[in-house]
Amino acid sequence: MRTLYTNAAVFTADGPPAAAFVVDGGKFRYVGDAAAASAAAGPGARTVDLGGAFVLPGIIDAHTHLLMTGQALGKVQLRDAASLADLQDRLRQAAAENPDAPRILGAGWLHTALDGAAPTRELLDAAVPDKPVYLDANDLHSVWVNSAALAELGIDASTPDPLGGRIGRDAAGAADGMLYETAAVQIVWPALAGAARDEDRDAWLESAFTHYAAAGVTGAVDMAVQHDDVAAFERALARRHGRLPLRVKGHWLVHRRDSTAENLAQVDRVLELARRLAAQPAAEYLELCGIKIIVDGVIDSCTAAMKEPYADGSTPGPIWDRESLLPVVAAADAAGLQVALHAIGDEASDIALDALEHAAAVNGPRVRRHRIEHLETVTEANVQRLAELGVVASVQPVHADPAIQENWQAVLGDARVDRAYPWTEFTAAGATLAISTDAPTAPYQALPNLYVAATRKSALEPGLPANLPRYALDLADAICHATRDAAFSCRTEASLGRIAASYRADFAVLATDPLTSPAENLLANSVLLTVTGGETVFDAAPATLS
């Protein structure tokens with residue numbers, strides 16, 4: 001049915017503001033003033049009076065993890081644990097309330113909650129000694145486990161470290177309960193995935209869909225998908241008759257293996273799967289864009305690859321060195337796949353850019369749309385190099401929230417903290433900036449993410465001072481980075497990310513106009529309506545919007 005939406009403040013992301021628009025066949029057919037929109041709608045069109053509300057293109061979370069987010073919403077929430085005792089009490093309570101649960105899963109713990117203590121299996125044993133406990137760190141790059149979980153995983157003093165990861169050990173060499181990087185990704189994640197059922201994954205995905213739709217999100221770039229994720233997406237498409245409430249663009253996580261041949265074989269499998277999905281009728285809602293490679297770790301755990309030592313003197317290397325990375329990136333580039341490279345440390349961004357330059361040199365001129373993810377520390381020279389290569393800078397404002405910066409700053413402990421998360425340097429250099437949440441490493445909600453982007457203040461603890469406010473983004477620009485530029489980051493800028501004639505009708509309606517209100521309004525603002533492909537996927541108050 002043709003629908004006229006009127007009486008609105010429409011932020012189009014490119015063109016002038018509008019007051020009304022027409023949707024038909026899942027696309028915007030006219031965007032402009034009220035009278036012309038009414039004429040374009042014609043007789044018999046359904047009319048929706050938006051009551052002066054603010055309309056923006058549907059948010060595209062340009063880097064997230066959908067199944068993980070859905071699952072994390074049901075885990076013991078630890079991001080706001082005030083102390084070690086508080087964290088332990090939450091675990092005890094979860095165990096008491098779920099006596100039949102085979103294990104306790106928690107999410108989001110921060111080093112600063114531990115009162116200076118090191119995370120050890122004994123601290124978790126003191127809370128839950130009789131069943132496995134698995135706690136995802138806030139950054140998802142390590143897992144803290146108790147003795148029962150180590151036993152369940154078969155990890156003991158003789159277990160070797162996996163390539164690119166580390167099993168934490170005490171002074172006697174016994175596993176201490178911390179599993180870093182590939183020890184988490186390649187040991188814990190598959191073990192927990194094997195313990196889950198398809199109906200569990202379906203429930204997690206539906207939870208993610210529901211929460212994202214209520215947040216005004218109509219698209220997601222799912223980083224690190226694997227077979228279980230793709231299978232869950234395809235089951236959702238079957239349940240939902242070929243449509244999803246948000247459009248999913250996936251990047252397959254390529255694990256570093258012992259040989260180049262094994263690494264390249266993963267790229268070949270991704271290409272086959274991408275072609276299969278592209279041939280499906282539902283390709284508009286599910287696409288495999290390319291590959292994701294985690295070049296290094298994270299700063300909080302001192303596993304990000306830095307040019308200079310951490311405050312404790314450690315100098316960890318990358319997960320992927322140049323020799324292993326270059327042929328994989330070149331092969332993916334030659335196949336037309338997008339490459340998304342996780343690079344948090346300044347040395348890691350060096351390696352990532354070297355790999356992208358190598359791919360361009362060996363494969364010759366072509367249209368590319370590669371990305372570097374996070375870029376929390378990066379040299380000024382590499383900001384320029386990234387822009388010159390046309391690489392998308394994919395950043396997550398919520399990672400710069402002052403409430404979670406204490407440990408991040410302490411482990412660097414020098415002038416490097418003064419150029420943390422330098423978003424405006426990328427835009428000044430001419431690079432495209434796409435913003436996202438990286439949920440569940442941070443809250444999935446879009447509006448608090450925009451608040452941090454525009455203020456560098458905390459959405460978790462709003463009273464804290466801003467974190468390097470000179471790098472704050474203009475709010476209108478931030479909205480564009482979360483819509484138009486996020487669409488660009490996944491090669492859909494010709495059909496998504498704008499409110500314009502012929503574009504797909506993905507949009508969200510907010511209660512108040514954030515561009516004419518104090519920035520703090522973003523923390524109190526609410527999503528009234530979310531529409532994907534012309535179909536309402538969330539309606540907070542149907543009686544008032546019809």
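A contact here means that heavy atoms of two residues come within 4.5 Å. With that in mind, welcome to a predicted model, shown in a few views.

**View 1. The whole protein, and how its chain meets itself.** Among contacts between residues at least 6 apart in sequence, 73% join residues at least 24 apart. The fold is built with 18 helices and 21 strands. Its C-alpha atoms fill a box of roughly 80 × 60 × 45 Å along the principal axes. For 546 residues, a compact globule would have a radius of gyration near 24 Å, and the 23 Å of this protein agrees with that.

View 2. Of the 546 residues, 57% count as buried. The accessible surface comes to about 20,000 Å², and 53% of that surface belongs to carbon and sulfur atoms. Looking at charge, you can find 43 positive and 69 negative side chains in the protein. The centres of these two sets lie 6 Å apart.

**View 3. Cysteines without a bridge.** How many disulfides does the structure hold? The number is zero. Cys 289 is in no disulfide, and the nearest cysteine sulfur, that of Cys 490, is 5.7 Å away. A disulfide would need the two sulfur atoms within 2.5 Å. Cys 289 counts as buried because its relative accessibility is 2%. Cys 302 also counts as buried, at 16% relative accessibility; the cut-off for buried is under 20%.

**View 4. A cis peptide bond at a proline.** Here, please look at the link between Ala 439 and Pro 440, which is a cis peptide bond with omega of about 10°. Where does Pro 440 lie? Pro 440 sits in the loop between strand S18 (433-435) and helix H15 (446-455).

**View 5. Glu 181, a strand residue with a positive phi.** Glu 181 is not a glycine, although its phi is positive, at about 50°. This residue belongs to strand S11, which covers residues 175-181. Is Glu 181 buried or exposed? With 5% relative accessibility, Glu 181 counts as buried.

**View 6. Leu 375, a loop residue with a positive phi.** Leu 375 has a positive phi of about 50°, although this residue is not a glycine. You will find Leu 375 in the loop between strand S16 (371-374) and helix H12 (380-389). Its relative accessible area is 1%, so Leu 375 is buried.

Notes:
Residues are numbered from 1 along each chain as its sequence is written. This is a predicted model: local features need pLDDT of at least 70, side-chain atom pairs count only at pLDDT 80 or more; totals for chains, interfaces and linings use all residues. Side-chain values use heavy atoms; hydrogens and water are left out. Helices (H or I, at least four residues) and strands (E, at least two) are DSSP runs, numbered from the N terminus. The radius of gyration is taken over C-alpha atoms; the globule rule is 2.2 Å times the number of residues to the power 0.38. Buried means under 20% relative accessible area, exposed over 50%, partly exposed in between (1.4 Å probe, protein chains only). Accessible areas come from the Shrake-Rupley method with a 1.4 Å probe; for residues, only the protein chains shown count as cover. Lys and Arg count as positive and Asp and Glu as negative; His and the chain ends are not counted. The place of a charge is taken as NZ of Lys, CZ of Arg, CG of Asp or CD of Glu.
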